[in-house]
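Subject: Structure handover

Hello,

Here is the structure for you to look over. My notes on the helices follow below it.

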Amino acid sequence: MHILIFGASGHVGTALAKHLGGEQLGGHLISGIVRSQPDGAVPYELIVLPDWVEDPEGAAEAVRAQSGPAVDAVIAAVGGWYVDEPMLERGIESFDSDYGSYLRGHFAACAVSKLLSEAGSTQIIHLALNGVASVEACVGSGAISVFGAAQNMLLRVAEAETDTVDFRELRVMAPIDGDDRNDLSGGVETIGITEVATAAARILSSPSDAELSTEISPE
């Protein structure tokens, strides 16, 4: 399977590329779309597209221009989170910035998947990552809660309107281990990236067996 990862240079995206490209989870071919050239070697075929969010059509064309097999699956590991002031005190500019880095990126990734599917001959699987903030009002990261909830509806609408892409979501219901942004004070449980990668591989291999949204929690 040829898997395209949006957000491949981030903590989660890079780790997913390593695991899904490893023999234990199938040894898949991994391509990664990033905004800028990373430092050092990366565990994926690199596609540098600074403006991919603003230009989904150009991003799809750039992916199709790469040598090798057509894309079979897309993973959107886009956006991030923070713990900061209450949402309504951060101001409209911060809210707009969160929208631009989170929900807008997921919309563009969905659009690229649709464009790639229409140009190819196989059904594409699009898997977007989401988190606990999408179903809980997480104090201090309110805008991410808002856009996480909206991301779920974005996928539901896309799934209802599109015949050539299977849109799915993997909701990780705890902080992912190893991410330095996590506040683990007070004994917060985490989920290992291996569990996330295994769950993603399961959905990508059999999307018809998965609900539109799948949750994983600490064991």
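Helices α4 (residues 92–101) and α6 (residues 142–161) cross at roughly 40°, and their axes come within 10 Å. Axes here are lines fitted to C-alpha atoms, for helices over the stretch in contact, with angles running from 0 to 180 degrees between N-to-C directions. That angle makes α4 oblique to α6; angles under 35 degrees count as roughly parallel, over 145 as roughly antiparallel, 65 to 115 as roughly perpendicular and the rest as oblique. The α4 and α6 crossing is right-handed, meaning that the near helix is turned clockwise from the far one by less than a right angle. On the α4 side the contact (heavy atoms within 4.5 Å) is made by Phe-95, Asp-98 and Tyr-99, and on the α6 side by Ala-143, Ile-144, Val-146 and Phe-147. By class, the contact of α4 with α6 has six nonpolar residues, no polar ones and one charged. Ala, Val, Leu, Ile, Met, Phe, Trp, Tyr, Cys and Pro count as nonpolar, Asp, Glu, Lys and Arg as charged, and the others, Gly among them, as polar.

Before the rest, the conventions. This is a predicted model, in which local features need pLDDT of at least 70, side-chain atom pairs count only at pLDDT 80 or more, and totals for chains, interfaces and linings use all residues. Residues are numbered from 1 along each chain as its sequence is written, and side-chain values use heavy atoms, with hydrogens and water left out. Helices (H or I, at least four residues) and strands (E, at least two) are DSSP runs, numbered from the N terminus.

Two serines belong to this pair of helices. Ser-97 lies in α4 and counts as partly exposed at 47% relative accessibility; buried means under 20% relative accessible area, exposed over 50% and partly exposed in between, with a 1.4 Å probe and protein chains only. Ser-97 is 46 residues from Ala-143 in sequence, and their C-alpha atoms are 9.8 Å apart. Ser-145, in α6, has 10% relative accessibility and so counts as buried. Leaving aside residues up to four places away in sequence, Ser-145 touches Ala-133, Ser-134, Glu-136, Ala-137 and Cys-138.

Next is α5 (residues 103–119). Its 17 residues should span 24 Å at 1.5 Å a residue, and the end C-alpha atoms are 25 Å apart, which agrees; the expected span is 1.5 Å times one less than the number of residues. The buried residues of α5 include Leu-103, His-106, Cys-110, Ser-113 and Ser-117. Lys-114, also in α5, is partly exposed at 33% relative accessibility. Lys-114 touches Thr-162 and Val-165, not counting residues up to four places away in sequence. From Lys-114 to His-126 there are 12 residues in sequence and 9.1 Å in space, C-alpha to C-alpha.

Helix α2 (residues 56–65) packs on α5 at an angle of about 50°, with the axes 9 Å apart, and the two are therefore oblique to each other. The crossing of α2 with α5 is right-handed. Pro-56, Glu-57, Ala-59, Ala-60, Val-63 and Arg-64 of α2 meet Ala-108, Ala-111, Val-112, Leu-115, Leu-116 and Ala-119 of α5. This contact comprises 10 nonpolar, no polar and two charged residues.

Last, α1 (residues 11–21) has Val-12, Gly-13, Thr-14, Ala-15, Leu-16, Ala-17 and Leu-20 buried. Those buried residues pack against β1 (2–6), β2 (29–34), β4 (73–76), β5 (124–131) and α7 (193–205).

Regards
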